[in-house]
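Subject: Structure for you to look through

Hello,

Please find the structure below. My notes on what was found in it follow.

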Amino acid sequence: MTFVYILILLITVAALLVFHMYRKANTDFIDERVLPIRNFPSSFDGVRIFFISDIHRRIIDNQTIHAISSIDMVIIGGDLMERGVPLENVRENITRLKQLNAPLYFIWGNNDYEGDYHDLDAMLLDESVHILGNSAVQFESEAGDTFNILGIDPYLHHEGKSGFAFEGATGRCKIMVIHDPSMFEELPQEQQEQVDLVLSGHTHGGQIRFMGLGLSERGCMKSVNGIPVFISEGYGTRLIPFRLGTRAECHILTISD
C-alpha cells in the first residue's frame, strides 16, 4: 500500500507541475520599462514601442492588447510563426496588433522561414506590415531631429548584406532589431559601433529552467561591446507548450534620451 500511495503522490505532483508549466506558457506578462539611450533626440519626448517576439503557435490574448494604450509603433521581433502554423492564425495576430492603432514593423526570425516564406511575405505586405529585411526606416521630429529603426535578417539574406540596413540610416541615433542576439556579436565592429540599442528575442529565456539553470540565459538588458542589448523571453514557446522559470512576455518600451 505504501508503494501505491507514493506512486499516486508522484503522479499528482507530476500532473500539477505539467499544469503549472502549461499555465506559465499561456499567462501573459506585460513588461513596461523606460530605456534611456545615448544620442536619442530629446525633441521626440520619448517614443513608446510595443515589442513582441517569438509568437510561434500562440494567438495573442485580446485582454493583453486591451491593456495597452498610447503606442507609437509595434515591432515584431521575429518568429511570428513556425512550420505548421496556418497563415490564418498569423493574419489574426496581425489583426489584433492593429488594434493598437500604430504602424507595424517586422523582422525575420529563423522559424519564419520553415514554411513557404513567400506566402508570409505576401500576407504581411497585404496587411500593410513594414518588413525590415536588412533595411531601415527613419523618423523625424517637428524640430528636424531623426532616428532610425534598422532590421537585420541574418538568415536568408546573410551574405554580408547587413550593410544595406545602414545605407539609408542617416539619423544620429540607431535602434537595431535582430531576432537572435548572438547574431549582433557577429556583425562587423564598425557596424556595432553605430548602434545605440539592440532589440532581440529568440532564446525564450531557456523556456524551461531548473534551479535557475537553462539552455539559454534569461531575458535581460545587457551590454555587448558597450552596446545595450535587450533580450525578450518571447511570447510563445518552441517544441512544447510549457514554461518553467521563464515568462510569456511582451514589452512596452519607452525610448528616451
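D116 caps the N-terminal end of helix α4, with a side-chain oxygen 3.0 Å from the backbone nitrogen of H118. (A polar contact is a pair of N or O atoms within 3.5 Å; within protein, one atom must be able to donate a hydrogen and the other to accept it, and residues adjacent in sequence count only if both atoms are side-chain atoms.) Helices (H or I, at least four residues) and strands (E, at least two) are DSSP runs, numbered from the N terminus.

Before going further, note that this is a predicted model, in which local features need pLDDT of at least 70 and side-chain atom pairs count only at pLDDT 80 or more, while totals for chains, interfaces and linings use all residues. Residues are numbered from 1 along each chain as its sequence is written, and side-chain values use heavy atoms, with hydrogens and water left out.

Helix α4

Helix α4 covers residues 117-126, and its buried residues are L120, M123 and L124. Buried means under 20% relative accessible area, exposed over 50%, and partly exposed in between, with a 1.4 Å probe and protein chains only. Seen down the axis of α4, the buried residues fall within an arc of 100 degrees, so they line one face of the helix; the arc is that of the directions from the helix axis to the C-beta atoms. On the face turned away from the buried side are the exposed residues H118, L125 and D126. The cover over the buried residues of α4 includes α3 (87-97), β4 (104-106) and β5 (130-131). After α4 comes S128, which has a positive phi, near 65 degrees.

The six-stranded sheet

In what order do the strands of the open sheet of six strands lie? The order is β6-β7-β8-β9-β11-β10, and the pairing is mixed. Two strands pair if DSSP finds at least two bridges between them. β6 (135-140) and β10 (220-224) stand at the edges with a single partner strand each, so one side of each has no neighbour in the sheet. On average, neighbouring strands of this sheet are turned by 20 degrees against each other, direction ignored. (Axes are lines fitted to C-alpha atoms, for helices over the stretch in contact, and angles run from 0 to 180 degrees between N-to-C directions.)

- β6 and β7 (residues 146-152) run antiparallel and are joined by six bridges; F139 stands opposite F147 in β7.
- β7 and β8 run parallel, also with six bridges; I152 stands opposite I178 in β8.
- β8 and β9 (residues 197-200) pair in the parallel sense over three bridges; M176 stands opposite V198 in β9.

Strand β8 (residues 173-178) has six of its six residues buried, so it is largely enclosed by the rest of the structure. C173, I175 and V177 point one way from β8, while K174, M176 and I178 point the other way.

The nonpolar cores

A nonpolar core is a set of buried Ala, Val, Leu, Ile, Met, Phe, Trp, Tyr and Cys residues joined through side-chain atoms within 4.5 Å. The largest one has 45 residues, and those touching the most other members are F50, V74, L80, L97, L120, M176 and F184. Apart from it lies another core, of 24 residues, among them F40, V47, F51 and L253.

Leaving aside neighbours within four places in sequence, L80 is in contact (heavy atoms within 4.5 Å) with I55, H56, V90, I94, F106, D112, L120 and L124.

V47 is in strand β2 (residues 47-52) and is buried, at 6% relative accessible area. With the same exclusion of neighbours within four places, V47 is in contact with F40, D72, M73, F147, L253, T254 and I255. V47 and D72 are 25 residues apart in sequence, yet 6.3 Å apart in space, C-alpha to C-alpha.

Most residues other than glycine have a negative phi. S70 has a positive phi of about 55 degrees although it is not a glycine, and so does D79. Is each of them buried or exposed? S70, in the loop between α2 (62-66) and β3 (73-76), is exposed, with a relative accessible area of 60%. D79, in the loop between β3 and α3, counts as buried at 1%.

N111 is in the loop between β4 and α4 and is buried, with a relative accessible area of 5%. Beyond its neighbours within four places in sequence, N111 is in contact with H56, D79, M81, E82, R83 and R238.

Regards
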